[in-house]
Amino acid sequence: MTTTQTSKKPGSAPAVSAPDARVPVRRQLPKVSEVRELLQFRAPVLDPVRRRLEGALTIEDLRKIGRRTTPRAVFDYVDGAAEFEVTAQRNLAAFRDVEFVPETLNSVAEPDLSTELFGERIAFPLVFAPTGYTRMMHHEGEAAVARVAERNGLPYSLSTVGTTTIEEVRDAAPNGQNWFQLYLTNDEALNEEMVGRALDAGCKTVILTVDTAVAGGRHKDTRNGLTIPPSLTVKTFLDMSRFPYWWFNKLTTPPINFALLRDYPGTSADVAAMLFDPGLNYGDLEWLRKAWPHHLLVKGITNPQDAARVVGLGADGVVVSNHGGRQLDRTPATLDVLPSVRDAVGDEATVLLDSGVRNGQDIIAAIGRGADAVMIGRAYLYGLMAGGERGVERAVEILRTEYRRGLQLLGLRATNQIAARHVPRAS
């Protein structure tokens, strides 16, 4: 029998043969204390709202919950956008593509998240944007959102097409920073009435929205029949019937309408025709500047020249916004145009950004690119659909946690330390 030998190269280490048997592993029974430390059993949560909200770690989680708990037509109204929804996707993609440049070896213990808007301190750079038909998403509606804003030291903006009046919001959050968003109509008396009511209710900031000359083409809403006035399809009605809790709350609470305009004569279609006014122009802004004695922002600005002009006419600042992609499709992402708008208005004007904010790190990105704060709409509406007031509170908790963690991981200890070098633009 011939034995085959393995040749070795000169100077090579001798081959080590594998052991014939593995070394036995020493085992022992675990101690109860060790098992207890590994397994943290929780008491079952019987409240279904609390249970699903505790499981939500991101705004996207709240979005998925809202889709399960709300009729599809209502969810689509919140989640959808105009035409092919190109702009809505661009808004999200712009934030996803951001690259951060962190600093190291800075103490980030107890970071100061707060910032200042119009001379008032807010808890972190977040403002609740105005949204229409809010009580359709959940019967607690605008009052619930205003209470959350007040508790968390954040401004809340009521919409002209909100389903709660200015006075009701004031009563719900009497110590809150309550703002009012205005659609100027072609009825001068009505405009004066709305401005007067906002003033009497203690609002210190008015936001004039200017990107709604006509209604955007929101095909999902048209297909679902969720138009003004509503014309629900059989399919939409059958889908809504799958949500008895939603129906019960709608039928046992005050009717959903444009609360601020409920006494205006005419149908809801007539009201909508007033609100989407193609005749709106710079003269209307000049009128409002004279009529409103406090802070004035113009929302719906994506063009630097427009931004400079409205500030030149007396606006205290602008909201860089494309209406969340719900008006003109194929416009740029707001984060992309933000730096040029900031350059156009200078450092003294207030600049807010909305459209596409879904994460606390998005807030950091916006501030690094030139914003003083961001506005959120869909982000808190997902929370509202998922769990009413508690869901909105959860949305704030998520965004605040993400913002704080992002700030610390960037090596920053305060909001006012965020700079352009931390969020460089792609070359």
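Modeller: Let's settle one word before we start: buried means under 20% relative accessible area, exposed means over 50%, and partly exposed is in between, using a 1.4 Å probe and protein chains only. This is a predicted model, where local features need pLDDT of at least 70, side-chain atom pairs count only at pLDDT 80 or more, and totals for chains, interfaces and linings use all residues. Residues are numbered from 1 along each chain as its sequence is written, and side-chain values use heavy atoms, with hydrogens and water left out.

Biologist: Thanks! Is G162 buried or exposed, then?

Modeller: G162 is buried, because its relative accessible area is 0%.

Biologist: And where is G162 found?

Modeller: Look in the loop between β4 (156-158) and α8 (166-172).

Biologist: What does G162 touch?

Modeller: Setting aside residues up to four places away in sequence, G162 touches T131, E142, N257, F258, A259 and L260. Contact here means heavy atoms within 4.5 Å. There is also a pairing across the sequence to look at: G162 and I256 are 94 residues apart along it, yet their C-alpha atoms are 9.3 Å apart in space.

Biologist: Let me zoom out. How many helices and strands are there in the protein?

Modeller: You can count 18 helices and 10 strands. The C-alpha trace spans about 110 × 50 × 45 Å along its principal axes.

Biologist: And what share of the residues is buried?

Modeller: Of the 427 residues in the protein, 51% are buried. If you take the contacts between residues at least 6 apart in sequence, 74% of them join residues at least 24 apart.

Biologist: Which residues have the most contacts inside the largest nonpolar core?

Modeller: Those are F128 and F180, in a core of 101 residues. A nonpolar core is a set of buried Ala, Val, Leu, Ile, Met, Phe, Trp, Tyr and Cys residues joined through side-chain atoms within 4.5 Å.

Biologist: Which helix gives the most to this core?

Modeller: That would be helix α18, residues 378-409, which supplies 14 residues.

Biologist: Back to F180: what does it touch?

Modeller: Not counting residues up to four places away in sequence, F180 touches L158, S159, T160, I166, M194, A198, C203, T205, V206, I207 and L260.

Biologist: New topic: L182. Where is L182 found?

Modeller: L182 is in strand β5, residues 178-182. With a relative accessible area of 0%, L182 is buried. Beyond its neighbours within four places in sequence, L182 is in contact with T160, M194, V195, V206, I207, L208, T209 and L288.

Biologist: How far apart are the C-alpha atoms of L182 and L275?

Modeller: They are separated by 9.5 Å, while the two residues are 93 apart along the chain.

Biologist: Now D354. In which loop does D354 lie?

Modeller: D354 lies in the one between β9 (350-353) and α17 (360-368). It counts as buried because its relative accessibility is 7%.

Biologist: What does the side chain of D354 make a polar contact with?

Modeller: With the side chain of S321, at 2.6 Å. A polar contact is a pair of N or O atoms within 3.5 Å; within protein, one must be able to donate a hydrogen and the other to accept it, and residues adjacent in sequence count only if both atoms are side-chain atoms. Leaving aside neighbours within four places in sequence, D354 is in contact with K299, V319, V320, S321, N322, T334 and M375.

Biologist: Last one, about backbone angles. What phi does E83 have?

Modeller: A positive one of about 50°, although E83 is not a glycine. Most residues other than glycine have a negative phi. E83 sits in the loop between α4 and α5 (86-96), and its relative accessible area of 38% makes it partly exposed.

Biologist: What about L105, what phi does it have?

Modeller: L105 is not a glycine either, and its phi is positive at about 60°. You will find L105 in the loop between α5 and β1 (115-117). L105 counts as exposed, because its relative accessibility is 87%.

Methods:
Helices (H or I, at least four residues) and strands (E, at least two) are DSSP runs, numbered from the N terminus.
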